[in-house]
Amino acid sequence: RFFYAFIVFLSHIPLFDVKNLALTYIQNDLFTEGYIGVSFFFVLSGFILTHKYKNSLLKRHISFKEFWVARIARIYPLHLLTLMIALPLTYRDFFTSVYYWICQLVLNITLLQSFIPIRSIHLSFNHPSWSISNEMFFYLLFPLIITLFFKFPKLKLISIALLVVIPISINFCPEDLQRGLFFFHPVVRVTDFIVGILLYDIFSVRKSEQTVLRGSFWEVASIILLALFVTFRNSVPEAYRFSCYYWLPTSAIILTFAHQSGIFSRLLSHRILLSLGEVSFGFYLIHQLTIRYLTGINNKLDLTSNNYILISAMFFVSLLASYITYYRIELPISRYIKSKLRPKPDKLMQDSSMKFDKDNNSKVISTH
């Protein structure tokens with residue numbers, strides 16, 4: 001997760017001011033391909049939620065409400081914090097049009113900004129939060145999708161057909177609307193989320209033991225596949241790279257590494273990398289605010305003219321802030337909200353007692 005969050009970070013950093021052709025190629029070509037990270041997180045979200053909640057929801061071990069509250073508790077506190085941190089960066093917009101600024105703020109608070117296919121709306125305040133708007137939409141739909149897929153398995157086939165509709169419909173969409181719809185809009189990007197749900201079905205069926213050698217082979221193969229897609233990306237219209245172009249390599253990466261049977265997945269299981277994965281959500285939400293603030297401070301105070309030093313500072317400040325917010329904000333608030341959802345011990349005893357009495361009464365009635 002952290003490596004993909006880092007890809008998004010690279011797509012947002014200020015470009016190097018150098019004459020080196022190799023670096024110019026890297027910054028202008030590879031660093032701008034942040035679509036990979038977003039597609040990965042949407043597909044992974046569907047995969048992980050299905051792994052963690054599918055049986056619990058279907059067996060009614062948790063209610064829809066408990067699921068929704070748990071997911072809101074996971075993402076909303078940090079979103080709200082980063083939104084407040086972003087407010088000072090928008091003071092010019094406030095004085096330009098107070099009404100428009102208030103509309104942007106309301107849409108961000110309610111996480112509805114990505115539904116509006118206007119750049120100044122879905123990229124207002126903390127820009128990466130548009131994807132959190134999408135995630136919230138996915139969370140609302142997830143229990144319904146899982147239930148429908150379980151009760152009506154043929155719907156899975158219909159959803160697969162829907163995945164075919166996306167690349168076809170791009171050809172009929174006006175070019176000025178393609179980014180707003182196919183990259184940002186949650187109704188379209190829910191297809192990435194569904195890919196993750198369907199991908200977990202494949203994973204759950206194929207849980208056969210693999211040797212380290214075989215697992216490593218498939219992990220390398222999936223990385224090579226992703227590299228090939230990145231290499232030939234310029235031969236594909238950008239609108240396809242907004243979502244569907246990276247479905248196949250992203251799915252291959254998730255599916256092969258989820259088995260954790262190869263040497264690379266075992267290396268990724270090192271506690272340091274696991275820790276980085278835990279704070280990746282915070283890093284993703286915080287990094288662009290750090291970039292904007294440090295760029296503004298450097299422009300005013302002229303602290304350094306070396307882009308390498310500035311970008312390194314942006315990275316380490318973002319990383320440090322993500323650790324602080326994870327352990328001081330994300331975890332404590334999430335645990336507090338979840339603890340409020342759990343029934344109190346006396347309530348559990350009361351419910352058990354009532355159930356016991358009810359069962360006894362039923363036996364008495366049955367006996368008589």
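This is a predicted model: local features need pLDDT of at least 70, side-chain atom pairs count only at pLDDT 80 or more; totals for chains, interfaces and linings use all residues.

Q: Where is Asp 201 found?
A: In helix 11, residues 186-205. Helices are DSSP runs (H or I, at least four residues), as are strands (E, at least two), numbered from the N terminus.

Q: Which residues does Asp 201 touch?
A: Lys 54 and Lys 156, not counting residues up to four places away in sequence. Contact means heavy atoms within 4.5 Å.

Q: How far apart are the closest N and O atoms of Lys 54 and Asp 201?
A: 3.6 Å, and the pair forms a salt bridge. The term means a side-chain nitrogen of Lys or Arg within 4 Å of a carboxyl oxygen of Asp or Glu. The pair links distant parts of the chain: Lys 54 sits in helix 3 and Asp 201 in helix 11, 147 residues apart.

Q: And what is the N to O distance for Asp 201 and Lys 156?
A: 2.6 Å, again in a salt bridge. Lys 156 is in helix 9, 45 residues from Asp 201 in helix 11.

Q: How many salt bridges does the structure hold?
A: Five. One of them joins Asp 192 and Arg 189, with the closest N and O atoms 3.1 Å apart. Asp 192 and Arg 189 are three residues apart in helix 11, so about one helical turn separates them. Asp 192 and Arg 189 are both buried. Shared partners also join Lys 54, Lys 156 and Asp 201 into one network of salt bridges.

Q: Switching to the fold. How many helices and strands?
A: 19 helices and zero strands. Buried residues make up 43% of the 368 residues.

Q: How do helix 8 and helix 17 cross?
A: The axes of helix 8 (residues 129-151) and helix 17 (residues 280-301) come within 9 Å and cross at roughly 130 degrees. The contact uses Ser 129, Ser 131 and Ile 132 of helix 8, and Phe 281, Tyr 284 and Leu 285 of helix 17.

Q: Which residues of helix 10 are buried?
A: Gln 178, Gly 180, Phe 182, Phe 183 and Phe 184. The buried residues of helix 10 pack against several helices, including helix 3, helix 8 and helix 11.

Q: What about phi of Asp 302?
A: Near 50 degrees, a positive value in a residue other than glycine. Most residues other than glycine have a negative phi. Asp 302 lies in the loop between helix 17 and helix 18. Asp 302 counts as exposed, at 59% relative accessibility.

Q: Where else is phi positive, near 50 degrees?
A: At Gln 260. Gln 260 lies in the loop between helix 14 and helix 15.

Key. Residues are numbered from 1 along each chain as its sequence is written. Side-chain values use heavy atoms; hydrogens and water are left out. Axes are lines fitted to C-alpha atoms, for helices over the stretch in contact, and angles run from 0 to 180 degrees between N-to-C directions. Buried means under 20% relative accessible area, exposed over 50%, partly exposed in between (1.4 Å probe, protein chains only).
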